[in-house]
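Let's take a walk through a protein together.

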Amino acid sequence: MTGPAAGARRTAAAALGLALASALAGCGGGGDDRPELSVSGAYVPQPPTPDMAAGYVTVTNKGGAADRLTSVTTPLAAEVTMHTTTGTRMKRVASLKVPADGKLRLATGGDHLMLTNLTHKPKVGDRVSFTLHFASSDPIEIKVPVEPTTYRPKD
């Protein structure tokens, strides 16, 4: 087929091809549209009481999409809850945001984990298994050191 109709069809086909390529590139697995999480700085201060402890961790997101920490589990405690702290007020929350291209920092005096109904009182030097669960990312398993009660990270 030759002539103006064939040229119009080729132009339409080329335009359709470009549109499809653009759409697929937008959906493709480039790291910009999903979270890329890693964990660092985790620790549990040795608890002063045998039934409750705190936990701290930093979750870094190098991806272009935010995620949410939805729960944490550990064989050390029957329950792990997440808390935010504003001033001197602590509030239990269902999840904590891990911002795109940012960090969620759980630290003394701020957002943190509370471990209740401990199976035993951990000692300095012990390592505790934690699994962090997220809204859209796969769970992350870590081993968390137990530090002295007065430990404060240099960071």
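Among contacts in the protein between residues at least 6 apart in sequence, what percentage join residues at least 24 apart? It's 69%. Keep in mind that you're looking at a predicted model.

Let's get the parts list first. The protein has one helix and ten strands, and reading from the N terminus the order is α-β-β-β-β-β-β-β-β-β-β. Of its 155 residues, 34% are buried.

Now for the inside. In soluble globular proteins, nonpolar side chains tend to be buried together. The largest nonpolar core here has 27 residues, and the ones that touch the most other members are L69, L113, L115, F130, L132, F134 and I142. At least two residues of this core come from each of β1, β2, β3, β4, β6, β8, β9 and β10. Once you set aside its neighbours within four places in sequence, L132 is in contact with V39, V57, V59, L69, S71, V72, P139, I140 and I142. Two names in that list, L69 and I142, were also among the core residues touching the most other members.

What about empty space? Rolling a probe the size of a water molecule over the atoms shows where empty space is left. There is one cavity of 30 Å³ or more in the structure, and about 40 Å³ of space lies in the largest cavity. Its lining is made of A42, Y43, G55, Y56, V57, V72, L113, F130, L132, I142 and V144. The elements giving two or more residues to that lining are β1 (37–45), β2 (52–61), β9 (127–134) and β10 (140–147). β2 gives the largest share, with three residues. Sorted by class, the lining has ten nonpolar residues, one polar residue and no charged ones.

Next, move to a pocket. The second largest pocket holds about 150 Å³ of space. Around it you'll find P45, Q46, P47, P48, T49, M52, A53, A54, Y56, T108, T149 and R152. Once again β2 supplies the largest share of a lining, this time four residues. The classes split into seven nonpolar, four polar and one charged.

Is T58 buried or exposed? Its relative accessible area is 12%, so it counts as buried. Not counting residues up to four places away in sequence, T58 touches S38, V39, S40, K103, L104 and R105.

How do strands line up with each other? Take β4 (residues 77–86), which has two partners to look at. On one hand, β4 runs antiparallel to β8 (residues 112–118), with six bridges joining them, and H83 stands opposite H112 in β8. On the other hand, β4 pairs with β5 (residues 89–93), also in the antiparallel sense, over five bridges. Here T84 stands opposite K91 in β5. β4 and β5 make a hairpin with two residues between them, and G87 in the turn has a positive phi of about 65°.

D101 isn't a glycine, yet its phi is positive, about 50°. You'll find D101 in the loop between β6 and β7 (102–105), and it is exposed because its relative accessible area is 64%. N117 is another residue other than glycine with a positive phi, near 55°. This one sits in strand β8. With 52% relative accessibility, N117 counts as exposed as well.

One last stop: G64, in the loop between β2 and β3. With a relative accessible area of 45%, G64 is partly exposed. How far apart are G64 and A100 in sequence, and how far in space? They are 36 residues apart in sequence, and 5.0 Å apart in space, C-alpha to C-alpha.

Note on methods: Residues numbered from 1 in each chain as written. Predicted model: local features only at pLDDT ≥ 70, side-chain atom pairs only at ≥ 80, totals over all residues. Heavy atoms only, no water. 1 Å grid on protein atoms, 1.4 Å probe; cavity = no way out; pocket = protein on both sides within 12 Å on 5 of 7 lines; lining within 4 Å. Points joined across faces, edges and corners; volume = space filled by probe spheres on them. Nonpolar A, V, L, I, M, F, W, Y, C, P; charged D, E, K, R; others polar. Pairing = 2+ DSSP bridges. Core = buried A, V, L, I, M, F, W, Y, C linked by side-chain atoms within 4.5 Å. Buried < 20%, exposed > 50% of the residue type's maximum accessible area, 1.4 Å probe, protein only. Contact = heavy atoms within 4.5 Å.
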